[in-house]
Amino acid sequence: MANIIELFSSIQGEGLYVGTRQIFVRFAGCNLACDYCDTPASRTLCGHALVETVPGQRIFEKITNPVPIADLARRINSFLTVRHHSISLTGGEPLGQAESIIRLAPQLNSPIYLETNGTLVEKLALVLPYIHIISMDLKLPSVTGNSYWQQHYEFLRLATAKDKEVFVKLVITGQTGEHEFKQAIDLVAAVRTSIPFILQPVTPCNASTAVTPDIMLAYQAEALKQLENVRVIPQTHKFMGQL
Ligand code: SF4
């Protein structure tokens with residue numbers, strides 16, 4: 001069984017695969033509480049999930065949680081009548097339901113893309129054989145109120161040790177501190193300088209405030225001192241009006 005919030009087909013709005021068509025499985029529950037969280041409803045378990053009936057048509061059916069894995073797999077695979085790049089396991093934090101992913105993944109007929117906050121190392125180890133692409137967020141202390149440096153480092157080491165495609169995403173807000181930013185760069189560089197590194201200027205939300213274009217240029221220049229592939233990509237799905 002899996003606890004999900006939504007299942008739908010849409011356009012990836014963030015990271016290295018921006019613009020690709022994906023099936024999004026939004027898992028319920030999260031172990032963090034980020035200031036800029038734009039999916040607060042997904043942080044807790046919910047009695048119902050909204051599931052698109054036809055991919056991209058935005059007609060939703062309400063189904064009861066938890067959802068049997070076989071039923072979820074059938075619904076996801078039925079979307080593949082439209083060509084999709086991959087299936088995004090997102091949240092919330094999908095690794096909070098690693099045991100469900102282990103059962104779900106072998107039944108899916110498309111590559112699997114994991115969007116994760118990069119803190120649940122042992123859970124990653126469980127699902128890693130089934131994952132093709134990993135989009136790992138780095139969460140700064142200014143965002144969560146806690147430090148996850150050690151977890152992020154171990155997570156990234158594990159993710160890159162296997163034959164997986166991995167990139168790191170860091171959201172920059174008006175609250176981002178210079179010291180923590182440099183520590184994030186050091187962390188990624190210590191694992192591998194060629195890991196693609198995406199700087200995402202925050203879409204202002206809750207307590208987080210925007211950063212100016214000049215500051216983004218400065219952050220990118222700083223990151224490029226150590227990392228080879230640093231891109232600045234905002235949340236494009238917001239201004240496309242996509243989910
Ligand atoms: S990790 Fe993601 S889902 Fe969890 S609180 Fe942070 S932004 Fe929200």
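Contact is taken here to mean heavy atoms within 4.5 Å. In the predicted model, Gly13 by this criterion touches Val18, Pro234, Gln235, Thr236 and His237, residues up to four places away in sequence being left out of the count. Gly13 is found in the loop between strand 1 and strand 2 (21–27). With a relative accessible area of 2%, Gly13 is buried, because buried means under 20% relative accessible area.

Gly13 belongs to a set of residues, together with Ile11, Gln12, Arg26 and Thr90, that an unreviewed UniProt entry annotates as "binding site". The lining of the largest pocket takes in Ile11, Gln12, Gly13, Arg26 and Thr90 from this set. Ile11 lies in strand 1 (residues 4–11) and is partly exposed, its relative accessible area being 23%. The contacts of Ile11, again not counting residues up to four places away in sequence, are with Gly19, Thr20, Phe24, His237, Met240 and Gln242.

The unreviewed UniProt entry also carries the annotation "domain: Radical SAM core" for residues 17–243. Over this range the chain is 32% helix and 21% strand, and the end C-alpha atoms are 16 Å apart. Leu243 forms a nonpolar patch on the surface with Leu50 and Phe60, and the accessible area of the patch is about 230 Å². Phe60 is found in strand 4 (residues 60–64) and is partly exposed, at a relative accessible area of 32%.

Side chains of opposite charge can pair when their charged atoms come close. With a salt bridge defined as a side-chain nitrogen of Lys or Arg within 4 Å of a carboxyl oxygen of Asp or Glu, the count comes to twelve salt bridges. One of them joins the side chains of Asp38 and Lys238, at 2.9 Å from N to O. Asp38 lies in the loop between strand 2 and strand 3 (48–52) and Lys238 in helix 8 (residues 236–240), so the pair ties together parts that are 200 residues apart in sequence. Asp38 is partly exposed, with a relative accessible area of 34%, and Lys238 is likewise partly exposed, at 38%.

A salt bridge also links Lys123 and Glu99, with the closest N and O atoms 3.1 Å apart. This pair connects distant parts of the chain, Lys123 being in helix 3 (residues 121–127) and Glu99 in helix 2 (residues 98–104), 24 residues apart. Arg74 and Asp71, whose closest N and O atoms are 2.6 Å apart in their salt bridge, both lie in helix 1 (residues 69–78), three residues apart, about one turn of the helix. Glu14, Asp137, Lys139 and Lys169 are linked in a network of salt bridges.

Methods: Residues are numbered from 1 along each chain as its sequence is written. This is a predicted model: local features need pLDDT of at least 70, side-chain atom pairs count only at pLDDT 80 or more; totals for chains, interfaces and linings use all residues. Side-chain values use heavy atoms; hydrogens and water are left out. UniProt positions are given in the numbering used here, feature names are shortened, and annotations may be inferred rather than shown by experiment. Helices (H or I, at least four residues) and strands (E, at least two) are DSSP runs, numbered from the N terminus. Patches are made of residues with over 30% relative accessible area and no salt bridge: like charges are joined within 9 Å, nonpolar side chains (Val, Leu, Ile, Met, Phe, Trp, Tyr) within 5 Å. Accessible areas come from the Shrake-Rupley method with a 1.4 Å probe; for residues, only the protein chains shown count as cover. Buried means under 20% relative accessible area, exposed over 50%, partly exposed in between (1.4 Å probe, protein chains only). On a 1 Å grid over the protein atoms alone, a cavity is a set of points where a 1.4 Å probe fits but cannot get out, and a pocket is an open set with protein on both sides within 12 Å along at least five of seven lines; lining residues have an atom within 4 Å of a point.
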